[in-house]
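Biologist: I am new to this structure and would like to learn how to read its features. Please show it to me, then take me through it.

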Amino acid sequence: MNNFQLSVLNKIEELVKNKFQNESSGHDWWHIYRVWKISTKIAEFENADIFIVQLSALLHDIADWKFHDGNQDIGYQTAEKILKDLNIEEDIIEKVKYIVKNISFKGAKVNHPKMETIEGMIVQDADRLDAIGALGIARAFACGAHKNQVIYDPNIKPILHDNIDAYFKSQNPTINHFYEKLLLLKDMMNTQTGKKLAQERHDFMQIYLNQFYKEWNQEV
Ligand code: ADP
Ligand code: NI
């Protein structure tokens, strides 16, 4: 990367860090940081534009529509404005916008069109990796609490949502979220590296759930 690109990334890092400092819904700065670092790691094994990967990782959650009255355009529009202000060329802005727009999970039975660029595949894998495993479990309970969800209720069954609105509005217990999203992500990974990294995190969630039910049922 050249000096201009490095200075742009530094500026965006500062901007994102400030914005996410006091966030407690699972979208804190350290989530962005991990997605940034793991995207970079996956990119080492792929033929990708590392500047676009890192810009997209840093900006992927910049303005989550879930926290903006369901305005699904807010994320990529905010990213676009930031990049324009930093004099990034139009072609790169378009590529980052595409990734920010298409990265999110929208419900188990909602069709998620495959990312069309390798940079998008990488950042989406990184974001999904941070939603599973030990970190994913921590984030799910943080997010669940933020949405006033209970931990578990055996009488409420998981729902495989077929539309984004229902998925977004769901206040099902957080354990259900494992079946509604987290356990599905392993098979949705785009890159070989992503798939490999997902396996151990996925297995850990299974172990966690087994132990959870054992304790729930007074078996241990
Ligand atoms: P994405 O990165 O795909 O847009 P979200 O922004 O929906 O993901 O979610 C951010 C984090 O919060 C993820 O770890 C996700 O699994 C978790 N999360 C989202 N919805 C819920 C929910 N209803 N209950 C518990 N955790 C959730
Ligand atoms: Ni994210």
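Modeller: Helix 7 and helix 10 are oblique to each other, because angles under 35 degrees count as roughly parallel, over 145 as roughly antiparallel, 65 to 115 as roughly perpendicular and the rest as oblique. This is a predicted model, in which local features need pLDDT of at least 70 and side-chain atom pairs count only at pLDDT 80 or more, while totals for chains, interfaces and linings use all residues. Residues are numbered from 1 along each chain as its sequence is written, chains are lettered from A and ligands numbered from 1 in the order in which they are written, and side-chain values use heavy atoms, with hydrogens and water left out.

Biologist: At what angle do helix 7 and helix 10 pack, and how far apart are their axes?

Modeller: Two packed helices are described by the angle between their axes and the distance between the axes. Here helix 7 (residues 133–146) and helix 10 (residues 192–216) pack at about 55 degrees, and their axes are 7 Å apart. Axes are lines fitted to C-alpha atoms, for helices over the stretch in contact, and angles run from 0 to 180 degrees between N-to-C directions. The helices themselves are DSSP runs (H or I, at least four residues), numbered from the N terminus.

Biologist: Which residues make the contact between helix 7 and helix 10?

Modeller: Helix 7 contributes Gly133, Ala134, Ile137 and Phe141, and helix 10 contributes Arg201, Phe204, Met205 and Tyr208. Contact means heavy atoms within 4.5 Å. By type, the residues of this contact are six nonpolar, one polar and one charged. In that count Ala, Val, Leu, Ile, Met, Phe, Trp, Tyr, Cys and Pro are nonpolar, Asp, Glu, Lys and Arg are charged, and the others, Gly among them, are polar.

Biologist: Which residues does Phe141 touch, not counting those up to four places away in sequence?

Modeller: Phe141 touches Ile151, Thr174, Ile175, Phe178 and Tyr208. Phe141 has 22% relative accessibility and so counts as partly exposed. The classes are buried (under 20% relative accessible area), exposed (over 50%) and partly exposed in between, with a 1.4 Å probe and protein chains only.

Biologist: How many residues does the largest nonpolar core have?

Modeller: In soluble globular proteins, nonpolar side chains tend to be buried together. The largest nonpolar core here has 57 residues, and Ile12, Leu55 and Leu59 have the most contacts inside it. Such a core is a set of buried Ala, Val, Leu, Ile, Met, Phe, Trp, Tyr and Cys residues joined through side-chain atoms within 4.5 Å. Beyond its neighbours within four places in sequence, Leu55 is in contact with Val8, Leu9, Ile12, Leu83, Ile92 and Val96.

Biologist: What is the phi of Asn87, and where does Asn87 lie?

Modeller: Most residues other than glycine have a negative phi, and most peptide bonds are trans. Asn87 is not a glycine, yet its phi is positive, about 60 degrees. Asn87 lies in the loop between helix 4 (74–85) and helix 5 and is exposed, with a relative accessible area of 63%. Gln218 also has a positive phi, near 55 degrees. Gln218 lies in the segment after helix 10 and counts as exposed at 66% relative accessibility.

Biologist: Is Trp216 buried, partly exposed or exposed, and which residues are in contact with it, leaving aside neighbours within four places in sequence?

Modeller: Trp216, in helix 10, is partly exposed, with a relative accessible area of 37%. Its contacts of that kind are Tyr152 and Pro154.

Definitions and conventions
Helices (H or I, at least four residues) and strands (E, at least two) are DSSP runs, numbered from the N terminus.
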